[in-house]
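Reader: Please take me through one part of this model in close detail. Keep it brisk.

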Amino acid sequence: MAWVQTPTNQFILHFVDYSGVRSSMKFHLDTDETDPDAGGAAAIADAAQACSAAELSSQEIVITAVNGSPGTPTTGPYSRGADKALIVFGSADGTPVNLEIGAPNETIFQDDHINVDFTDTAVASLVTLLLAHGCTADGGDLKFTQRGYRRRPPRRKHQ
Amino acid sequence: MADSTRVHVIFKPAALMGANFQMVFHLKGIVLDPNDTNLQAIITALNACTRAVAIEISLSVITENAGTPTAAAAYKNEDKAFFKALDDKGQSHNWRLPSPVTTIVDDDKETIIIDTGAGGDFVDAVTTYALTAGGDSIDTISFAYRTENRKRIKAGRVT
């Protein structure tokens, strides 16, 4: 896979006013701007905060890249994004962390087609990588997997 | 800056199998390179678990600020300072800055002052650092005015 970075990075300012209402502003910056609190990002953030009575609660840089050779998706059981395999990780402080895998291959499930087979090569590889390099939203370590199972998509109303 | 990177991976399922969907996870530390070895290993592992294919990734780093919104501000987040700009190709762009402070609003309560003060500083910062999504420069912010986006008050509901 070759990933091609888009020509600019997004820079998003998140505001909250004294009533708790949130809003945001989005800019595009040079791809060299990777620190949301430095350079042009900081200049725009400071200037925007001086113009607004709302609090600039956070500022975010988003780097986007597209896959130059994405391959071809396959069809078969559970091939919609609404079908999910849910893998629940346990973190160092006990907080569960969910990873939803859309359109899961049926090979990652046990014979009951409900529970995730953690001995499957693809699942084992993914879990090993996420335990090593993944973390919680707060930066805490992921320690173990709690469970994994298939979630059915929400049903449509009867017509 | 936060000590983790949020990763959104957009997957495309097979034709006629529904819309694109995302998988979201966090990586330890700040990862700014879409071709980072660990990130690519995780995406490869995800691809092996799903029938869909990864077509786009977004890496997000956030800085949080500690502050307090101005209490009883004249203009809340629903009120915007609407800045209209032109890029170097003559295409128009705009930004909506929430909850403008009264010092950047002219005496007519509608026009935003963009020549001097905080409004002028904001215009300078945007024209200096902001780009279009395609990487073109922002040439000028020609004018700005205040807009409201509030629901109309229903007749008979105000006592």
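Author: In helix 2 of chain B, the buried residues are B:Ala118, B:Gly119, B:Gly120, B:Phe122, B:Val123, B:Ala125 and B:Val126. The model is a predicted one. This helix runs over residues 117-129 of chain B. Its 13 residues should span 18 Å at 1.5 Å a residue, and the end C-alpha atoms are 18 Å apart, so the two agree.

What covers those buried residues comes from both chains. Chain A contributes strand 3 (22-30) and helix 1 (39-51). Chain B's part includes strand 4 (80-87), strand 5 (92-98) and strand 6 (138-147).

Now helix 2 of chain A, residues 121-133. It has 13 residues and reaches 18 Å from first C-alpha to last, close to the 18 Å expected. Buried here are A:Ala122, A:Val123, A:Leu126, A:Val127, A:Leu129 and A:Leu130. An α-helix has 3.6 residues a turn, so residues three or four places apart point the same way. The face turned away from the buried side carries the exposed A:Thr121 and A:Thr128.

The cover over the buried residues of helix 2 of chain A includes strand 5 (84-91), strand 6, strand 7 and strand 8 (142-151) of chain A. Strand 2 and helix 1 (37-49) of chain B are also included.

Strand 6 (96-102) and strand 7 (134-135) of chain A, with strand 2 (21-28) of chain B, each give two or more residues to the lining of the second largest pocket. That pocket has a volume of about 160 Å³. Its lining divides into 9 nonpolar, 4 polar and no charged residues.

Note on methods:
Residues numbered from 1 in each chain as written. Chains lettered and ligands numbered in written order. Predicted model: local features only at pLDDT ≥ 70, side-chain atom pairs only at ≥ 80, totals over all residues. Heavy atoms only, no water. 1 Å grid on protein atoms, 1.4 Å probe; cavity = no way out; pocket = protein on both sides within 12 Å on 5 of 7 lines; lining within 4 Å. Points joined across faces, edges and corners; volume = space filled by probe spheres on them. Helix = DSSP H or I, 4+ residues; strand = E, 2+ residues; numbered from the N terminus. Nonpolar A, V, L, I, M, F, W, Y, C, P; charged D, E, K, R; others polar. Expected span 1.5 Å × (residues − 1). Buried < 20%, exposed > 50% of the residue type's maximum accessible area, 1.4 Å probe, protein only. Contact = heavy atoms within 4.5 Å.
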